[in-house]
Amino acid sequence: MGNEGSWVTKMSSRPKSPSDDEHDMRSAIAVMTADYCYLTMSHKRSPRHQATPSRTCLFCGATGPLNGEHIYGDWLRNLGFTGEGVREIVPGDGSQPIIQRGGPFSKKLKIVCYPCNNQWMSGMETAAQPMLTAMFNARGSSVELDQAAQLTLARWAFKTAAVAAQVDRSDPFPLPHRREFRQTDQPPHHVQIRIGAASIPMLQRGEQLAESRFEPRTATITYAGQSISFPFYRASFRLLTVVFDILGYVAETDLVDIDPGEDLKRALLPLWPPEHPRIWWPPVTSLDVIGGVPGLTASPIVGVPMLVPGGQG
């Protein structure tokens with residue numbers, strides 16, 4: 001497990017075309033019905049830069065020369081976001097934020113091999129671009145997403161979250177999920193991805209065009225005096241007005257069905273696994289009501305057990 005942190009991009013002026021603080025990681029406790037269990041979530045911090053950056057590809061594990069991958073696609077610059085900006089990396093260990101100057105969508109990380117970057121990941125960016133652009137320009141209207149579009153956005157969101165989590169070089173994103181994603185070309189089985197909407201905040205340095213947070217945790221299922229613990233994580237990010245929330249755990253079998261909680265169901269639409277033939281973005285409730293992406297950190301996570309310890313799945 002690596003550091004959690006936030007990555008924000010700020011611009012000092014509004015783009016030509018359309019359009020953190022250090023946070024407290026609280027334990028989230030979801031009380032289940034008598035038929036189920038308690039699912040407790042506790043955050044685990046790791047020392048800063050605990051992991052040495054790997055010289056293997058983030059997704060396929062290939063060795064050799066690695067390419068620089070944009071955290072957010074440089075096609076966004078074609079929307080007019082070309083001015084100078086500020087990138088702020090907030091380490092999860094409470095140390096001082098790292099401030100970098102540069103274009104808001106120019107940040108690259110040398111973490112992927114050429115085939116993954118220029119073929120596989122490039123295809124995801126190309127496929128997701130029209131849908132993301134439509135949402136950026138929606139201005140109060142709805143954008144319809146069929147199941148093919150939902151899968152396209154889910155793949156892009158998981159890829160982007162995994163890359164963004166590497167920004168402080170702590171390598172926190174679970175290796176089994178990165179490998180499964182590459183091998184199946186779909187988000188991992190034990191991952192749930194949702195989409196929401198939030199406003200672009202105006203902060204002291206300018207507009208906060210993007211932000212991301214990664215929270216490694218441990219989940220424990222307790223039932224009839226027996227407990228089982230497993231790694232769990234939440235990766236959330238906002239790009240302009242579109243928010244993605246990714247919940248996942250690493251296990252050999254199905255353990256829990258993750259639920260965002262009743263208060264968030266009207267603000268987060270399911271992308272993966274698909275639940276509806278069509279959804280319409282944005283949801284009826286904006287994530288602004290809970291404080292945007294930072295508010296997701298404090299939101300309870302409910303897990304309905306799929307496997308009772310000592311029983312049959």
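Thr160 sits in helix H2; helices (H or I, at least four residues) and strands (E, at least two) are DSSP runs, numbered from the N terminus. Leaving out neighbours within four places in sequence, Thr160 is in contact with Ile71, Tyr72, Glu125 and Phe237, where contact means heavy atoms within 4.5 Å. The Thr160 side chain also reaches the backbone oxygen of Trp156, at 2.8 Å. That is a polar contact: a pair of N or O atoms within 3.5 Å, where within protein one must be able to donate a hydrogen and the other to accept it, and residues adjacent in sequence count only if both atoms are side-chain atoms.

A note on the model: it is predicted, so local features need pLDDT of at least 70 and side-chain atom pairs count only at pLDDT 80 or more, while totals for chains, interfaces and linings use all residues. Residues are numbered from 1 along each chain as its sequence is written, and side-chain values use heavy atoms, with hydrogens and water left out.

Helix H2 is mostly covered, with 15 of its 18 residues buried. Its 18 residues should span 26 Å at 1.5 Å a residue, and the end C-alpha atoms are 25 Å apart, which agrees; the expected span is 1.5 Å times one less than the number of residues. At the N-terminal end, Asp146 caps H2, with a side-chain oxygen 3.2 Å from the backbone nitrogen of Ala148.

What about H1? A kink of about 40° lies at Gln129, shortly before the proline Pro130; the bend at a residue is the angle between axes fitted to the seven residues ending there and the seven starting there. The buried residues of H1 include Trp120, Met121, Met124 and Glu125.

## The nonpolar cores

The largest nonpolar core has 62 residues, and Phe59, Leu153, Ile195 and Phe244 have the most contacts inside it. Such a core is a set of buried Ala, Val, Leu, Ile, Met, Phe, Trp, Tyr and Cys residues joined through side-chain atoms within 4.5 Å. Helix H2 (residues 147–164) gives the most to this core, with 10 residues. Apart from this core lies another, of 10 residues, among them Ile221, Leu247, Tyr249 and Leu255.

Setting aside residues up to four places away in sequence, Phe59 touches Trp120, Met121, Lys159 and Phe181, among others.

## Salt bridges

Side chains of opposite charge can pair when their charged atoms come close. The structure holds 7 salt bridges, each a side-chain nitrogen of Lys or Arg within 4 Å of a carboxyl oxygen of Asp or Glu. In one of them, Glu125 pairs with Lys159, the closest N and O atoms being 2.3 Å apart. Glu125 lies in helix H1 (residues 114–136) and Lys159 in helix H2, so the pair ties together parts 34 residues apart in sequence. Both Glu125 and Lys159 are buried.

Glu211 and Arg238 meet in another salt bridge, at 3.0 Å from N to O. This pair links strand E11 (residues 206–223), which holds Glu211, with strand E12 (residues 226–239), which holds Arg238, 27 residues apart. Arg234 forms a salt bridge with Asp245, the closest N and O atoms being 2.8 Å apart. Arg234 is in strand E12 and Asp245 in strand E13 (residues 242–249), so this pair ties together parts 11 residues apart in sequence. Salt bridges that share partners also join Glu69, Glu125 and Lys159 into one network.

Note on methods
Buried means under 20% relative accessible area, exposed over 50%, partly exposed in between (1.4 Å probe, protein chains only).
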